[in-house]
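This report describes one protein chain, shown below. It starts with the chain as a whole and then turns to individual helices, their packing and selected residues.

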Amino acid sequence: DGILQNLFSEGQYLSLEGLDLYKKIEDNLNSPSFAPIFSKFLEQPFKIICLKLLSLFCKPEIAKKVALRLKLSRKEVEFILKMLSNKDRMLDLCKDNLNFSERAVTSLLRDLKDDLYPSLILVISYYPSAQSYCLEMGNYYSHVFKQKMGHLPLITGDDLIKEFHLVPSPLFKKILTTIEEMFLNGTINSKEEALKKVSELLNKD
């Protein structure tokens, strides 16, 4: 029996692929190529530990079981599950080499926020040929997307009531989410354009 199998009662779920991924993550975390983009993430030790742990147990239910047995905090468990639940989503974007203005990309960036950085390290470790795309995405998020997020919301529910005499309903969230996505992918760039687009959406319905 190996050392890791004796340390973890879930040792039967360990694999050579998991150990190889662990090593790749370790190498990438120490790579000077990634430091300029991932420096903020690298200042958060608990995320580094969690990233290494989840590399060994890539099935969410097993990773959660191990994390709870090791008495990790709720925040740490949620981070592990967030990384694993978005792993395939992130891999698909990289493999398809989607433009950063595509809805699937902006949606992922909005959901992950700063947890994009560890997600990129995980993906690069899984899929080394995606390194260039991932580094470009990290730069885009840091220098463009985060600035755009700072300008949100362009409009609010109060604007929908005042400008269009709408009453609060599930339609509010649908409209506001659509406008947010359109701003983040560059389709609209101002409150005036947002209100015009809302008018078009309402007339279309």
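## Overall description

Of the chain's 205 residues, 43% count as buried, where buried means under 20% relative accessible area, exposed means over 50% and partly exposed lies in between (1.4 Å probe, protein chains only). This is a predicted model, in which local features need pLDDT of at least 70 and side-chain atom pairs count only at pLDDT 80 or more, while totals for chains, interfaces and linings use all residues. Residues are numbered from 1 along each chain as its sequence is written, and side-chain values use heavy atoms, with hydrogens and water left out.

The chain has 12 helices and 0 strands; helices (H or I, at least four residues) and strands (E, at least two) are DSSP runs, numbered from the N terminus. Taken along the principal axes, the box filled by the C-alpha atoms is roughly 70 × 35 × 30 Å. The accessible surface is about 11,400 Å², and carbon and sulfur atoms contribute 53% of this surface. Accessible areas come from the Shrake-Rupley method with a 1.4 Å probe; for residues, only the protein chains shown count as cover. Among contacts in the chain with a separation of 6 or more, 69% join residues 24 or more positions apart; contact means heavy atoms within 4.5 Å.

Helix α8 (residues 116-126) packs with helix α9 (residues 131-149) at an angle of about 170°, and their axes are 9 Å apart. Axes are lines fitted to C-alpha atoms, for helices over the stretch in contact, and angles run from 0 to 180 degrees between N-to-C directions. The two helices, α8 and α9, are therefore roughly antiparallel; angles under 35 degrees count as roughly parallel, over 145 as roughly antiparallel, 65 to 115 as roughly perpendicular and the rest as oblique. On the α8 side the contact uses Leu116, Tyr117, Leu120, Val123 and Ile124, and on the α9 side Gln131, Cys134, Met137, Gly138, Tyr141, Ser142 and Lys146. By class, the residues of the α8 contact with α9 are 8 nonpolar, 3 polar and 1 charged. Ala, Val, Leu, Ile, Met, Phe, Trp, Tyr, Cys and Pro count as nonpolar, Asp, Glu, Lys and Arg as charged, and the others, Gly among them, as polar.

Helix α7 (residues 103-112) also packs with α9, at an angle of about 70° and with the axes 11 Å apart. That makes α7 roughly perpendicular to α9. Val105, Thr106, Leu109 and Arg110 of α7 meet Tyr133, Met137, Tyr140, Tyr141, Phe145 and Met149 of α9. The contact of α7 with α9 has 8 nonpolar, 1 polar and 1 charged residues.

In helix α5 (residues 60-69), the buried residues are Ile62, Ala63, Val66 and Ala67. They cover an arc of only 130° around the axis, which places them on the same side of α5; the arc is that of the directions from the helix axis to the C-beta atoms. Their cover includes α4 and α6 (74-96). Lysine 71, which follows α5, has a positive phi, near 60°.

In helix α10 (residues 157-164), Gly157, Asp159 and Leu160 are buried. Their arc around the axis is only 155°, so they lie on the same side of α10. Asp158 and Lys162 are exposed on the other side of α10. The cover of the buried α10 residues includes α11 (170-184) and α12 (191-204). Histidine 165 follows α10 and has a positive phi, near 55°.

Glycine 18 is in helix α2 (residues 16-29) and is buried, with a relative accessible area of 7%. Apart from neighbours within four places in sequence, glycine 18 is in contact with Ser55 and Leu56. Glycine 18 and leucine 53 are 35 residues apart in sequence, and their C-alpha atoms are 9.7 Å apart.

Serine 55 is in helix α4 (residues 45-56) and is buried at 0% relative accessible area. With neighbours within four places in sequence left aside, serine 55 is in contact with Gly18, Leu21, Tyr22 and Ile25.

Lysine 24 is also in α2, and at 30% relative accessibility lysine 24 counts as partly exposed. Lysine 24 and isoleucine 124 are 100 residues apart along the chain, with their C-alpha atoms separated by 8.7 Å.
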